Amino acid sequence: MEYAFYGWDHGDVPPLTDEYQGIQNPRDLYDALSGIWCKDTCAPRLQREWSRDNKTIGQCSITAFLAQDIFGGKVYGIPLSGGNFHCYNVVGDCVFDLTSEQFGEEPLNYENNPEQFREAHFAKEEKRQRYLYLKGELGRRFGKGK
């Protein structure tokens with residue numbers, strides 16, 4: 001099966017934990033989140049553009065930090081207009097971006113970008129709440145004992 005997110009074809013990093021049943025690599029996490037991402041988890045400024053056909057829009061930072069919880073590594077950000085960043089994951093020499101498909105064919109540069117930190121991102125309470133919701137739903141649906 002082919003995926004539309006960047007790094008899907010070489011993103012075989014194992015989870016650091018067995019906390020989530022069935023999530024053995026970033027593709028599994030993408031599959032799990034595909035049923036959880038929603039308008040409420042989308043960044044408020046992009047909610048008008050969110051749809052099931054564009055489910056990854058506005059989900060990048062909360063998704064990247066959740067992926068970091070599961071796979072480790074670091075989160076980096078591609079600078080965007082308006083001072084925002086598009087977040088993605090780097091684990092060892094593996095780079096993956098579970099929410100890249102929101103950009104369609106627009107090329108993204110995954111080299112030499114600044115590291116991103118959850119303390120800065122989650123200083124926005126609404127973003128922290130969206131992350132907690134995403135993590136909570138993942139746990140409810142795929143946590144141990146489910």
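Modeller: Let's start at Asp97, which is in contact (heavy atoms within 4.5 Å) with Phe5, Tyr6, His86, Cys87, Tyr88, Leu108 and Tyr110, leaving aside its neighbours within four places in sequence. A word on the ground rules: this is a predicted model, in which local features need pLDDT of at least 70 and side-chain atom pairs count only at pLDDT 80 or more, while totals for chains, interfaces and linings use all residues. Residues are numbered from 1 along each chain as its sequence is written, and side-chain values use heavy atoms, with hydrogens and water left out.

Asp97 is found in the loop between strand S3 (94-96) and strand S4 (115-116); helices (H or I, at least four residues) and strands (E, at least two) are DSSP runs, numbered from the N terminus. The residue is buried yet has no salt bridge, and the nearest side chain of opposite charge, Lys55, is 13 Å away. Here buried means under 20% relative accessible area, exposed over 50% and partly exposed in between, with a 1.4 Å probe and protein chains only. A salt bridge needs a side-chain nitrogen of Lys or Arg within 4 Å of a carboxyl oxygen of Asp or Glu. For charge, Lys and Arg count as positive and Asp and Glu as negative, while His and the chain ends are not counted. What the side chain of Asp97 does reach is the backbone nitrogen of Ser100, at 3.2 Å.

With a relative accessible area of 1%, Phe5 is buried. Beyond four places in sequence, its contacts include Pro26, Arg27, Tyr30, Ser100 and Glu101, along with Asp97. Phe5 also belongs to one aromatic cluster with Tyr3, Trp8, Tyr30 and Trp37.

Rings of Phe, Tyr and Trp (its six-membered ring) pair if their centres lie within 6.5 Å; planes under 30 degrees apart count as stacked, over 60 as edge-to-face and the rest as tilted. That rule gives eleven aromatic pairs. In one of them, the rings of Tyr3 and Tyr30 have centres 5.6 Å apart and planes at 85°, so the pair is edge-to-face. This pair links distant parts of the chain, with Tyr3 in the segment before H1 and Tyr30 in helix H1, 27 residues apart. Tyr30 also forms an edge-to-face pair with Trp37, at 5.6 Å centre to centre and 70° between the planes. Both Tyr30 and Trp37 are buried.

Tyr30 leads on to Lys55, as a polar contact of 3.4 Å joins their side chains. (A polar contact is a pair of N or O atoms within 3.5 Å; within protein, one must be able to donate a hydrogen and the other to accept it, and residues adjacent in sequence count only if both atoms are side-chain atoms.) Lys55 lies in the loop between helix H1 (26-34) and helix H2 (60-71). Lys55 is buried and has no salt bridge, with Glu101 as the nearest side chain of opposite charge, 4.0 Å away. Not counting residues up to four places away, Lys55 touches Tyr30, Ser34, Trp37, Trp50 and Glu101.

Finally, Arg27, another contact of Phe5, forms a salt bridge with Asp12, the closest N and O atoms being 2.7 Å apart. Arg27 sits in helix H1 and Asp12 in the segment before H1, 15 residues apart. Arg27 is buried at 18% relative accessible area, whereas Asp12 counts as exposed at 54%.
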